[in-house]
Amino acid sequence: MTSISSDGRGVDSALDPSAEQIRDMGGRAIEWIAAYQDSIRDLPIAPRTSAAALKELLAEPLPVEGRDFADLLQVFREVVVPGSRHNGHPRFFGYVSAPGTAVAAVADLLASALNANLTAWRSAPAPAELEHLAIDWIKEAIGCDPGAGGLFMSGGSMANFTALAAARHRHCGDTIASDGMAAHPAPLRVYASTETHHSIHKAAALLGIGRTNVREIQVDARFRMDVNALVRAIEDDRTAGAEPFCVVANAGTVVTGAVDPLAEIAEVAREYGLWMHVDACYGGFARLAPSARALFDGLSEADSISLDPHKWLYLPADCGCLIYRDPEAARPAFSLDADYTRVMQTEPAEAFAFWDYGPDLSRRFRALKVWMTLAHAGSRTVSDAIESNLDCARHVAELIDDSVDFELLAPVELSIFCFRYLPPSARAGSRSQADEEQLDRLNERIMVLLQQAGSSYLSNATINGRFALRGCVLNYRTTRRDMQILLDDVRHAAEQAIEETR
């Protein structure tokens with residue numbers, strides 16, 4: 001049992017360490033962070049391990065007695081770090097993953113120490129105001145009107161879910177909220193391109209709209225939504241007695257980085273009275289880069305926009321964001337009175353509650369790392385880093401086009417590039433279906449060998465039915481030289497894969 005000192009503090013309690021113990025723990029942790037950041041370029045990107053091997057190193061019964069922090073940090077350094085994939089490596093091109101920043105890591109530490117719970121203004125006055133400020137900065141970055149508002153969330157999937165919930169409530173009112181989807185007389189329709197992220201379909205399933213009521217609209221040669229096909233689908237559904245209520249546009253798809261024609265889709269949404277949601281989780285912050293800004297014309301006309309600061313603001317996960325063009329249009333979908341949450345303040349800013357604009361009650365202080373990163377780095381530095389990422393993707397596309405052993409499979413719109421390796425036998429003449437399937441298998445094996453080698457990392461995609469090596473440049477450390485190293489690494493993996501078949 002912990003004894004109590006004269007000042008009421010516990011003595012020798014691991015739950016309430018002394019200031020000196022905290023300094024010791026923090027100092028050791030910061031030393032590791034500094035060394036990690038300094039050496040990340042030299043680390044193998046992905047571990048060569050297995051679930052069984054890691055379990056053997058980590059598994060133990062629930063501890064009855066505590067252990068020294070230094071011992072725990074040693075497990076972290078010797079097991080957890082080597083058994084992790086290092087997303088901050090400059091040649092980690094898998095998925096859509098940011099490297100994080102040192103200042104944001106410190107901000108997360110501070111936010112966890114303060115442990116503010118941003119349910120409402122009264123729960124955390126200064127953190128709530130800081131979230132409003134950080135949202136204002138994001139609105140400015142993506143060109144929204146001053147009257148827009150929003151909040152931070154766990155990520156893009158939750159932001160997309162929340163946006164569809166707001167859209168459904170605007171269309172249906174309180175009927176579904178109180179009595180369920182069975183109370184609505186007609187099927188609802190959501191429109192999204194064939195390239196749209198699966199979280200839209202998941203949201204439709206969870207909200208009772210149904211995955212089959214997400215109408216997938218064909219795309220053009222650049223993988224952007226075909227607006228004429230969108231109009232035809234809306235007209236067909238209205239004729240059939242269904243109720244169109246929402247269209248989802250992409251500002252950077254996860255497969256190719258395509259940006260839908262936002263202004264044209266906004267016009268269609270206005271004409272048919274649809275809620276327009278833009279999934280800008282990956283690409284939205286590319287509006288900060290001058291060379292890409294025109295792609296985002298029409299973004300500010302959306303009723304809602306989902307973004308992921310933990311992507312192209314380079315922040316560590318988790319940090320998603322949802323912007324509403326008119327926050328009061330979304331409020332009725334989430335506002336629900338309960339005596340234990342009753343707000344007593346009368347001044348509007350102090351009566352503000354985040355729970356009125358999304359599904360969460362408890363919310364961590366995500367705004368601190370957004371504010372601290374943008375305030376520390378400045379928008380110009382972030383803009384320059386994004387521009388450099390775009391340049392690296394365009395550069396690798398040029399290298400691929402100029403090569404004799406690679407083929408680009410999709411246009412490069414932002415910083416995603418999709419390509420495949422072509423052996424000498426496949427470079428000339430027509431290819432049969434069997435030849436294409438053999439190429440798919442070869443490139444799949446190349447990807448696995450590349451990931452195992454640890455110097456560069458690509459993920460995969462399917463482009464027009466073909467297996468593609470897919471990369472996404474989302475790291476302020478990445479240079480043009482890294483793109484050349486990547487292709488050399490792919491060539492080496494290709495040699496290994498071909499040798500295996502002999």
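Where is the place of aspartate 318? In this predicted model, aspartate 318 is found in the loop between helix H11 (309-312) and strand E7 (320-324). Select alanine 317 together with aspartate 318 and look at the peptide bond that runs from the one to the other, which is cis, with omega near 0°. As background for this stop and the two that follow, most peptide bonds are trans, and most residues other than glycine have a negative phi.

Next, select asparagine 115, in the loop between helix H4 (102-114) and H5. Although asparagine 115 is not a glycine, its phi is positive, at about 60°. Is asparagine 115 buried or exposed? Asparagine 115 has a relative accessibility of 60% and therefore counts as exposed, the cut-off for that class being over 50%.

Now go to asparagine 464, which sits in the loop between strand E10 (459-463) and strand E11 (466-472). Asparagine 464 is likewise not a glycine and has a positive phi, here of about 50°. With a relative accessibility of 65%, asparagine 464 counts as exposed.

The next selection is a pair of helices. Two packed helices are described by the angle between their axes and the distance between the axes. Highlight helix H5 (residues 125-142) and helix H13 (residues 367-377), which pack at an angle of about 55° with their axes 9 Å apart. Because of that angle, H5 is oblique to H13, and the crossing in which H5 passes H13 is left-handed. To see the contact itself, show the side chains of Leu130, Glu131, Leu133, Ala134, Trp137 and Ile138 in H5, which meet Ala367, Leu368, Val370, Trp371, Leu374 and Ala375 in H13. Sorted by class, this contact of H5 with H13 has 11 nonpolar residues, one charged residue and no polar ones.

Finally, turn to the interior. In soluble globular proteins, nonpolar side chains tend to be buried together. The largest nonpolar core has 112 residues, of which Met276, Val278, Ile305, Trp312, Ile323 and Ile386 touch the most other members. Centre the view on valine 278 and, leaving aside its neighbours within four places in sequence, display the residues in contact with it: Ala249, Ala251, Leu262, Leu299, Ala302, Ser304, Ile305 and Ser306.

How values were computed
Residues are numbered from 1 along each chain as its sequence is written. This is a predicted model: local features need pLDDT of at least 70, side-chain atom pairs count only at pLDDT 80 or more; totals for chains, interfaces and linings use all residues. Side-chain values use heavy atoms; hydrogens and water are left out. Axes are lines fitted to C-alpha atoms, for helices over the stretch in contact, and angles run from 0 to 180 degrees between N-to-C directions. Helices (H or I, at least four residues) and strands (E, at least two) are DSSP runs, numbered from the N terminus. Angles under 35 degrees count as roughly parallel, over 145 as roughly antiparallel, 65 to 115 as roughly perpendicular and the rest as oblique. A crossing is left-handed if the near helix is turned anticlockwise from the far one by less than a right angle, and right-handed if clockwise. Contact means heavy atoms within 4.5 Å. Ala, Val, Leu, Ile, Met, Phe, Trp, Tyr, Cys and Pro count as nonpolar, Asp, Glu, Lys and Arg as charged, and the others, Gly among them, as polar. Buried means under 20% relative accessible area, exposed over 50%, partly exposed in between (1.4 Å probe, protein chains only). A nonpolar core is a set of buried Ala, Val, Leu, Ile, Met, Phe, Trp, Tyr and Cys residues joined through side-chain atoms within 4.5 Å.
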